[in-house]
Amino acid sequence: MAATRSPGLDSGQLLLICAAGMLTVAGISHTAAVGLVDSQVAIGFGVLIAAGELARLTMPGNREVAPVSTAASLGYALLLDVGGREATQSALQVVAVMSVGMIAGALPHIAVGRPPRLDAMARRLLAGSLLAFAYRPVAHPLYEVAAAGDWWPALGVMALLIAVMLTADVVIAAMLRSEQVRTAFGVAVRDEIRMAAPLGAAVAASGMLLALASHSMDLTALPAFAAPLLVTQVAFRKYAGIRATYLQTVRALSRVTEVGGYVEPGHSRRVSQLSIAIGRELGMPEPQLLELEYAALMHDIGQLSLRDPIPGGATVLTDPAQARRIAELGAEVIRKTGVLHGVAEIVRRQCDPVAESPPAASRIIKAANAYDDLVGASTDRDRAAAALERLRLDGGTEYDPMVVEAMARVVDRLTMTRL
Amino acid sequence: MRELPWPARIYFVAIIGAAVYLLAHCILAPEWTADIHWPTLLVLGLLFLVCESVPTLLNVPQAAVSVSYSAALAAVVLVGAEGAALVGLMAVLSVRPGLAVVKRLFNGAQFVICGYAAGRAFELAGGVPGLPEITDFPGILVPYGAATAAFVAINVALTAMILLLVGGLGRHQVALRGMVQFLGSYVGYATFGLLIAGLWATVESISTVLVLLPLFVARWALGHYHAEQRSYDATIAALCQAVETKDYYTRGHCTRVSAASGMIAEEIGMGAERLQAIRYAGMLHDVGKLGVPTKVLQKDGDLTEEEYAAIQLHPMRGLEIVRGIDFLDEAFAGIMHHHERVDGKGYPMGLAGAEIPEFARIIAVADAFDSMTSDRAYRKAKPIDVAVGELLKNAGTQFDPIMVSTFIKALSRDGWHPPQTTPAPSDDVVETTAKDHDDPTMPIQVVSER
């Protein structure tokens, strides 16, 4: 998804990274002062965290995750005993092991020029620390009960605290995201839950598995217990890969209309970016935004079926019958995929007037397309204002006034950042 | 049952008979029924059933390895051979929709046999069924390995045999790479079985949830991955066809070049990832053609040098468009160089022989072949043997002889479906071109302007 990111870090991200940095320093210095308890166990989990960090992956929407690393952190935080010997590490030691492992795992990536997303790393560290600080104080009483043969209280507390931790993580992620891409907080929370729920469940189960496994088996079994999660990770990597390729391909192929001289260079890309910004402004959730982006990128694909390019290519100036025909032809092309029905429908209705109540995405594309036809790649504020004024004149009949107002806010923000 | 060939029927009856005998033997053994732990058996049986109902499909369409196999192996450790046989029987009850009764019975019977054999192997190798203690590790690995080996060997043998008898095993499905993947997943699932058994002493049935939840999530993600992949393939094909609609006669060219390139690549033994990459490259190879002015393609007679240069530019244009996609670099090279000639007289760079990337040499053959076997405005489609003769004639000058002979080998086995005879366009909405830059029998003539 084309994130309208400012080049630097947002204030929320900075705050998060600072907090994580302070935690790291506190954890490491405390551990250095009192010494590492159960050093073998700490090193074992630290290595697993580092390996998981090395195998991090990027989920759709540019979200960096490291499931194995997170599960190992959970496992270490939740540890009750290793082969019958009670685990007595303090919460600060858990923080230290986590941060050292994460930094070690990030180093190879840095060496080959792939810097880590600091905010994502900070979030992982904070979530793990939260769990450690909540759980370590109650670890001893839970161990006493479990050692007597009753594991259910420990299991219940683990599950409860993990659920709390995952919720906190989702809230933090949604807060960061709503600031980053300027979407409503409620929408961001739903988006994050949709993204995080399946992987979160797998990570939570594996984290508990790692903690319990150390009871009945030796530490050497640790990698084996990460195996189920590894399968999950492979599956998600494939999924994220195809999602990314899909988007790249549609973005790339939307340019054939430019190469063929049907539209101005960069038109499809600009229309899609503007459409997404408007869609976010109007509170669209991510799956809808994805359809909107595809439709916006391909809104002119019907022109390929025309005998000759329309001079200038600007569809706002072509006669409505012609524009409608292009929309129909484009929808026809997309319908041939047999899968993108929603996208085809959006493209088909992209020039319908408001009275015919086309889908919201079609209304957005219609307005964004007209705006780009009038303004193009220009960044002139007067020209933008004039174009908006013209769209407002047709507001209510041709263009949806709500869309035009959302566009005005988006354009205002964009020209502000450009100045 | 009736549609099965008679050797398959005999085999089927024999397997069922063996399974029934084993089950009777188990249930009637008094010393076993005395000390069986029924709740454990019940949970494992249910687990097996759940797993069996959502199989992880591998690349063999008729057979599937499912997570259920971990449950059977866990049963070997926890409740012994007889228990494993009973757990295997649950496959009969699988709620997978559309599964024929014959298949259910066969699956159940063969899992009974596999489970029992694995259990016996476990005991023979020194394992004692029951809750494993901390002190059992890592010593338990030897009998567990023996049980796994017995289970996998018998499972593969029994299943392969029935597939062979039914005649469902094709050439593609027994590729070595597939087998390695197959065995890899078997070993992986075996590990999960041990994890379940190992944790049973601590948290009993919860261990199955903890081990299998990530696997079910993985299965969910893989399902989405496959759906996205199919959707992606359909989309890329539709978009490429949209680029072609302009020229009436070349419609479908991209998909056919993609298929033919795939045939050659498969024949020379390319791995799955490269195979997919060359299919995409074949699909996208002419995407830059839209940048060639229509009047150049429609011009009758010789082209000027300038006009020819416009045609020669299309591979670069294509590359420019697709560069933002995360393909293998080889795919880009294939698109960029698909009009190079082995004798160095091609374009855009005039590479010769082995300098030309492998992908480009493959696409060149596929591209020319489809052009010759399709109708053009200025000629009818050539029969396949004429087109093959033309490829052979130009092997060594225009085409890589190895790719040509490989393609002919693949053609003679898999056959080729040339496009339907294209009726002459009726309305004037569509356009036709007077030349095809891919056609080796009609090289584009260029006149010098001086």
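Reader: How do you know where the domains of chain A lie?
Author: The domain assignment gives domain 1 (11-245) and domain 2 (254-418) of chain A. Such bounds come from an automatic or database domain assignment. The C-alpha centres of domain 1 of chain A and domain 2 of chain A lie 43 Å apart. Their contact takes 8 residues from domain 1 of chain A and 4 residues from domain 2 of chain A. Two residues are in contact if their C-beta atoms, placed from the backbone, lie within 7 Å.

Reader: What is the numbering, and what kind of model is this?
Author: Residues count from 1 along each chain as its sequence is written, and chains are lettered from A and ligands numbered from 1 in the order written. The model is predicted: local features need pLDDT of at least 70, side-chain atom pairs count only at pLDDT 80 or more, and totals for chains, interfaces and linings use all residues.

Reader: What makes residues 105-122 of chain B a "transmembrane region"?
Author: An unreviewed UniProt entry lists them, among other spans. Feature names there are shortened, positions follow the numbering used here, and annotations may be inferred rather than shown by experiment. In the model, residues 105-122 of chain B are 100% helix and 0% strand. Helices (H or I, at least four residues) and strands (E, at least two) are DSSP runs, numbered from the N terminus.

Reader: How confident is the predictor in chain B?
Author: pLDDT is its confidence in each residue, from 0 to 100. Chain B averages 83, and 89% of the residues score at least 70. Over residues 57-63 of chain B, pLDDT stays under 50.
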